[in-house]
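This report is for a reader new to the structure. Please look through the sequence and the model before reading on.

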Amino acid sequence: MKQGEPAKSAKSGKPGKAAAAAKPGKPESHLAMVRRARRINRELAEIYPYAHPELDFRNPFELLVATVLSAQTTDLRVNQTTPALFAAYPTPEDMAAAVPEELEELIRPTGFFRAKARSLIGLSASIRDNFGGEVPGRLADLVTLPGVGRKTANVVLGNAFGVPGITVDTHFGRLVRRWKWTEQEDPEKVEAEIAAIFPKSEWTMLSHRVVFHGRRICHARKPACGACPIAPLCPSYGEGETDPEKARKLLKYEMGGQPGQRLSPPPDYPGRPAPPLGAG
């Protein structure tokens with residue numbers, strides 16, 4: 001897909017219209033829902049073959065820190081902040097010894113900087129003291145670190161250690177409920193129900209694809225239904241703008257011909273790198 005082009009169905013090549021699943025009638029069986037969910041995942045894999053974590057990182061420690069910083073802010077703002085942060089504190093030992101006020105000033109752009117600084121110093125000290133200076137590669141160990149819950153742990157495991165995990169952030173939770181894969185609101189319950197639908201080998205990439213779709217097309221306030229390539233599979237079609245021309249104007253990042261969130265995106269990313277902090 002070229003930047004700025006309307007999203008098209010991975011199968012039909014045509015913009016999606018009203019979803020068959022949204023038609024009134026016999027309730028969808030669990031088996032039918034599972035089949036529809038797996039088809040959505042297959043189509044998302046065709047739409048976003050380059051899906052990836054949208055945080056810049058070079059090692060597990062950088063990903064862990066960036067993920068903690070990403071709470072209540074955008075990945076873009078984190079990516080614009082971390083180059084100076086990692087230049088000053090490249091290892092857990094360095095960050096554990098940071099002067100809190102100096103660390104706070106570096107991460108101020110990400111918001112909630114005092115609480116985040118406490119978490120970063122605490123988790124760095126724990127990695128230094130309890131794990132030999134290396135980020136642990138087990139969920140049970142990661143969640144013992146200050147400021148690290150299941151969501152952060154699954155991000156690190158899936159993307160730094162290759163351990164499959166489902167990351168339930170706000171985008172993921174919103175879309176799986178829109179698609180009627182679950183009615184749960186609690187992230188751990190959402191994670192458990194979605195994990196039961198898909199093979200474990202799909203968990204990490206499923207998370208990326210769903211989040212990519214939520215950020216680019218299926219937005220929280222005004223989803224671009226008329227430009228959505230999986231509209232025929234969506235039981236919530238019509239919650240957003242259905243006019244194709246108007247919907248195209250709602251597309252974000254590479255789908256709308258705009259920069260992505262990473263300053264250093266993967267080589268196969270079709271969009272433009274994001275600008276550094278203070279550059280435009």
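## Basis

The model is predicted: local features need pLDDT of at least 70, side-chain atom pairs count only at pLDDT 80 or more, and totals for chains, interfaces and linings use all residues. Residues are numbered from 1 along each chain as its sequence is written, and side-chain values use heavy atoms, with hydrogens and water left out.

## Nonpolar cores

A nonpolar core is a set of buried Ala, Val, Leu, Ile, Met, Phe, Trp, Tyr and Cys residues joined through side-chain atoms within 4.5 Å; buried means under 20% relative accessible area with a 1.4 Å probe, protein chains only. The largest such core has 40 residues, and Tyr-48, Phe-172, Trp-179, Trp-181 and Ile-194 have the most contacts inside it. At least two residues of this core come from each of α1 (30-47), α9 (170-178), α10 (187-195) and α11 (203-216); helices are DSSP runs of H or I, at least four residues, numbered from the N terminus. With six residues, α1 gives the most to this core. Another core, of 30 residues, lies apart from it and includes Ala-66, Val-68, Leu-142 and Val-148.

Setting aside neighbours within four places in sequence, Tyr-48 is in contact with Arg-209, Phe-212, His-213, Arg-216, Ile-217, Glu-254 and Met-255, where contact means heavy atoms within 4.5 Å.

## Helix α5

In helix α5 (residues 100-107), the buried residues are Leu-103, Glu-104 and Ile-107. They lie on the same side of α5, because they cover an arc of only 100° around the axis; the arc is that of the directions from the helix axis to the C-beta atoms. These buried residues pack against α2 (60-69), α3 (75-88), α4 (92-96) and α6 (113-130).

## Two buried residues

Thr-167 sits in the loop between α8 and α9. Its relative accessibility is 13%, so Thr-167 counts as buried. Beyond its neighbours within four places in sequence, Thr-167 is in contact with Lys-151, Asn-154, Val-155, Phe-172 and Ser-207.

Ser-126 belongs to helix α6. Ser-126 counts as buried because its relative accessibility is 11%. Again leaving aside neighbours within four places in sequence, Ser-126 is in contact with Phe-131, Leu-145 and Pro-146.

## Largest pocket

On a 1 Å grid over the protein atoms alone, a pocket is an open set of points with protein on both sides within 12 Å along at least five of seven lines, a cavity is a set where a 1.4 Å probe fits but cannot get out, and lining residues have an atom within 4 Å of a point. The largest pocket holds about 800 Å³ of space. It is lined by 37 residues, with Asp-75, Asp-169, His-171, Val-211 and Arg-215 the closest to its centre. Two or more lining residues come from each of α2, α8 (150-160), α9 and α11, and α11 gives the most, with seven residues. The lining has 10 nonpolar, 19 polar and eight charged residues.

## Cavities

There are two cavities of 30 Å³ or more. By class, the lining of the largest cavity has nine nonpolar, two polar and two charged residues.

The second largest cavity holds about 30 Å³ of space. Its lining consists of His-52, Glu-54, Arg-216, Gly-260, Gln-261, Arg-262, Pro-265 and Tyr-269.

Terms used: Grid points are joined across faces, edges and corners, and a volume is the space filled by probe spheres set on the points. Ala, Val, Leu, Ile, Met, Phe, Trp, Tyr, Cys and Pro count as nonpolar, Asp, Glu, Lys and Arg as charged, and the others, Gly among them, as polar. Buried means under 20% relative accessible area, exposed over 50%, partly exposed in between (1.4 Å probe, protein chains only).
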